[in-house]
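Please keep the sequence and the model at hand while reading.

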Amino acid sequence: MRRLVNAFSLVLLLSSVGCFQQSASPPAATDQANSGVTAEDATPRETLNKTTQNVLDLEKAMAEGATLASTKVEVADPLTQSAAAYRTSVGKLGAMAVHQAIQIRNAQSIDDPKPLKYEQFMAEIIRKGEPDGIQLAMLPYYQEYAWDFAEQKLVVVEFLARKAERRKELDNN
């Protein structure tokens, strides 16, 4: 029985070797955006059981090279599928918490609810630094939360330049 388990483990290990191959180099546009990324930006951070109240303005984040993160779990690799599902889920749960807080704010408003600008959103919904403020789950180093004024919702953005810088650091080591 032990031989069977060892043989099966070996087959799994050998079949997963292809999962760790690096993808092709990123497009040239990413290389241009890479110039402003520091080593600190590309350093992984702890995410489990960590929270943040850091939310960027979507327009500014997009100007700095961010792209909207996918809300799908598109990983076929079973080794990283759980991490992808976690990352996607916490982003969606954060957006749901913010949406609920906005609904409560709008229900309590005497005036017609007006669209929240970034500064209002941070002060009234996130309440950064206050004990009853919204605590969002920490995202990986290459992702951040952002406030989409046009859609009036919280989104997750990805900084591809941070990923490229991290990949470059790993290749140099």
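Six of the seven residues of β6 are buried, so this strand is largely enclosed by the rest of the structure; buried here means under 20% relative accessible area, exposed means over 50%, and partly exposed lies in between, with a 1.4 Å probe and protein chains only. The model is a predicted one, in which local features need pLDDT of at least 70 and side-chain atom pairs count only at pLDDT 80 or more, while totals for chains, interfaces and linings use all residues. Residues are numbered from 1 along each chain as its sequence is written, and side-chain values use heavy atoms, with hydrogens and water left out.

**Overall layout**

The protein chain has six helices and six strands, and along the sequence they follow the pattern α-α-β-β-α-β-α-α-β-β-β-α. Helices (H or I, at least four residues) and strands (E, at least two) are DSSP runs, numbered from the N terminus. Of the 173 residues in the protein chain, 30% count as buried. Among the contacts with a separation of 6 or more, 72% come from residues 24 or more positions apart, where contact means heavy atoms within 4.5 Å.

**The sheet around β6**

Four strands form an open sheet in the order β2-β5-β6-β3, and the pairing is mixed; two strands pair if DSSP finds at least two bridges between them. β2 (55-57) and β3 (66-68) stand at the edges with a single partner strand each, so one side of each is left without a neighbour in the sheet. Neighbouring strands of this sheet are turned by 50 degrees against each other on average, direction ignored; the axes are lines fitted to C-alpha atoms, for helices over the stretch in contact, and angles run from 0 to 180 degrees between N-to-C directions.

β6 pairs in the antiparallel sense with β5 over six bridges and, also in the antiparallel sense, with β3 over three bridges.

β5 and β6 form a hairpin with four residues between them. Q152 lies in that loop between β5 and β6, and R127 lies in the loop between α5 and β4 (136-137). These two residues are set out below.

| Residue | Phi | Relative accessibility |
|---|---|---|
| Q152 | positive, near 55 degrees | 23%, partly exposed |
| R127 | positive, about 50 degrees | 26%, partly exposed |

**Helices against the sheet**

α5 lies across β2, β5 and β6 and runs at about 160 degrees to β2. α6, in turn, lies across β3, β5 and β6 and runs at about 30 degrees to β6.

Helix α6 (residues 160-172) has 13 residues and reaches 18 Å from its first C-alpha to its last, close to the 18 Å expected at 1.5 Å a residue; the expected span is 1.5 Å times one less than the number of residues. Within α6, A161, R162, A164 and E165 are buried. They cover an arc of only 165 degrees around the axis, which puts them on the same side of α6, the arc being that of the directions from the helix axis to the C-beta atoms.

**The nonpolar interior**

A nonpolar core is a set of buried Ala, Val, Leu, Ile, Met, Phe, Trp, Tyr and Cys residues joined through side-chain atoms within 4.5 Å. The largest such core holds 17 residues, of which V55, V98, F121, I126 and L136 touch the most other members. The elements giving two or more residues to this core are α4 (78-108), α5 (118-126), β5 (143-148) and β6 (153-159), and α5 gives the most, with four residues. A second, separate core of seven residues includes L58, A66, V155 and V157.

Leaving aside its neighbours within four places in sequence, V98 is in contact with F121, I125, I126, I134, L136, W147 and L154. The C-alpha atoms of V98 and I125 are separated by 7.0 Å, although the two residues are 27 residues apart along the chain.
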